[in-house]
Amino acid sequence: MSGLFTAAFLRRIGWDVDVFERSPVELVGRGAGITTHPELLEALENSGAGTRDLGIEVEKRITIDRQGRVIGERPLRQILTSWDRLQRLLRETIDPAHYHLGHTFARVEQDGSGVRVHFAEGRVERADLIVGGDGIRSGVRAQVAPDAQPIYSGYYIWRGAPNEADLAPATLASIFPYFVFFLPERQQVIGYPISGFDNDLRVGHRRYNFIWYRVGDARTLKDMCVDETGHQHDYSVPPPLIRRDLIAQMRAEAEAIMPAAFVDCLRNIARPFFTPIYDFSAPAIVFGRVALVGDAGSSSRPHMGFGVAKAGGDAQALADALAAHDDIDAALAAYNAVRQPIGERIMLHGRKLGTHLGVDLKTDEDRRMWKLLQGHEAMMDWIAVPNFLAAYR
Ligand SMILES: Cc1cc2nc3c(=O)[nH]c(=O)nc-3n(C[C@H](O)[C@H](O)[C@H](O)COP(=O)(O)OP(=O)(O)OC[C@H]3O[C@@H](n4cnc5c(N)ncnc54)[C@H](O)[C@@H]3O)c2cc1C
């Protein structure tokens with residue numbers, strides 16, 4: 001997403017840009033729901049991608065208890081979109097001749113006035129600058145800042161998105177239209193509607209994004225990362241390889257604690273998958289003629305649902321800096337000065353919201369925040385709400 005945003009913004013200021021994606025096939029069906037924010041809508045409009053058919057608007061958020069009773073609600077209009085929809089909108093801004101699948105970044109050489117980029121498949125490209133938009137495990141960053149490493153938060157999420165058509169009428173009536181919280185001790189279950197396959201927004205063809213936050217230490221995570229064939233993975237397991245015993249255990253635990261509507265969601269997710277949650281902020285996002293954008297530069301816990309908005313903001317700031325300076329190095333320095341602190345701020349805000357789960361509370365402020373967030377009203381006021389950055393300006 002950050003790579004596509006960057007290409008779109010740089011082309012608008014007259015740069016020649018090529019995007020190199022490791023995957024040999026078009027990326028579809030990755031991730032699921034994405035909360036939108038004013039900053040994301042602005043970045044989509046300014047990049048030329050636009051916001052047409054972006055997603056589903058909910059009018060309120062509610063919290064339910066184990067019996068499914070509504071124990072709190074907040075009016076809050078919010079558009080919920082999906083990774084697929086955003087990717088499609090952004091992908092359409094790039095001339096296919098400049099979008100290269102099946103190219104894996106291998107290494108970069110710098111000579112002061114530009115870069116030579118080597119791809120694992122053998123291609124070598126010369127450019128004024130390389131932008132690493134290659135995610136939280138960025139290979140570009142690994143070369144220029146190998147010590148900057150994501151830190152495991154101490155919790156992970158189970159996720160999936162059942163089809164609207166498969167859900168029980170009671171589920172459709174009670175939770176489907178809303179952004180919903182269910183908050184057992186040291187856990188969060190969150191759900192909201194998103195479009196269906198191929199961005200289908202028609203009633204009956206949509207999906208419901210299901211997220212279950214659970215505490216698990218590094219040892220638990222390591223065990224979860226042993227796949228169905230016995231292979232140990234480093235960070236997470238590709239969904240088809242997640243162990244069946246793990247999924248069965250998770251389903252049983254969910255049935256024991258969740259309201260019927262969320263149990264129904266989980267039963268209709270054929271292949272739930274898990275994602276460990278990390279904190280990450282690189283101390284710098286520019287290294288000579290190498291710039292980092294999106295999760296490669298900083299990545300926060302997903303409590304704000306702001307990652308793609310941040311990616312768009314990085315890309316726009318990079319283009320603004322390059323447009324404002326004749327000298328590329330001065331522009332990159334300006335970009336670093338503006339966006340590195342913002343990335344770090346967002347990461348710290350995510351940590352703050354994560355105190356709800358009661359893991360690794362280090363300071364009085366952590367404990368104060370933890371206490372505040374034990375109330376479901378506070379959770380509805382803080383989680384994935386728009387304009388949270390305004391408090392820091
Ligand atoms: C559970 C969860 C929920 C989230 N919810 C939200 C939300 O509601 N709203 C929101 O805005 N954000 C959300 N996010 C965050 C969002 O998904 C990320 O911030 C966003 O995807 C970052 O985009 P990116 O382009 O920087 O990185 P990525 O999406 O990781 O993309 C990196 C790309 O680089 C490619 N790549 C990697 N290595 C190489 C290489 N060596 N050579 C070439 N290509 C390579 C990858 O194939 C990939 O296409 C959520 C994240 C999680 C984990």
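How many bridges join strand β7 to strand β8, and in which sense do the two strands run? Four bridges join β7 (residues 115-119) to β8 (residues 124-127), and the strands run antiparallel. The structure is a predicted model.

**The β7-β8 hairpin**
- Strands β7 and β8 make a hairpin, with four residues between them.
- In the turn of this hairpin, G122 has a positive phi of about 115°.
- V115 has A127 in β8 as its bridge partner.

**The open sheet**
- Nine strands form an open sheet with mixed pairing, in the order β2-β4-β3-β11-β12-β13-β10-β14-β17.
- The edges are held by β2 and β17 (298-299); each has a single partner strand, so one side of each lacks a neighbour in the sheet.
- Within the order, β11 (residues 179-182) and β12 (residues 188-194) pair in the antiparallel sense, over three bridges.
- V180 has G191 in β12 as its bridge partner.

**Helix α10**
- Helix α10 covers residues 328-354, which is 27 residues.
- At 1.5 Å a residue, α10 should span 39 Å, and this agrees with the 38 Å between its end C-alpha atoms.
- The helix bends by about 25° at R339.

**The ligand and its shell**
- There are 28 residues around the ligand, and those that come nearest are S2, E21, T35, D295 and V308.
- A polar backbone atom of T35 lies 2.8 Å from an oxygen atom of the ligand.
- The distance is also 2.8 Å between a nitrogen atom of the ligand and a polar backbone atom of G305.
- For G307, a polar backbone atom is 3.1 Å from an oxygen atom of the ligand.
- On its own the ligand has 990 Å² of accessible area, and the protein covers 85% of that area.
- At least two residues of the shell come from each of β2 (33-35), β10 (151-160) and α9 (307-324).
- Sorted by class, the shell has eleven nonpolar, eleven polar and six charged residues.

Notes:
Residues numbered from 1 in each chain as written. Predicted model: local features only at pLDDT ≥ 70, side-chain atom pairs only at ≥ 80, totals over all residues. Heavy atoms only, no water. Near = heavy atom within 4 Å. Polar contact = N/O pair within 3.5 Å; in protein donor to acceptor, adjacent residues only side chain to side chain. Areas by Shrake-Rupley, 256 points an atom, 1.4 Å probe, with all protein chains shown as cover. Nonpolar A, V, L, I, M, F, W, Y, C, P; charged D, E, K, R; others polar. Expected span 1.5 Å × (residues − 1). Bend = angle between axes of the 7 residues up to and from the residue. Pairing = 2+ DSSP bridges.
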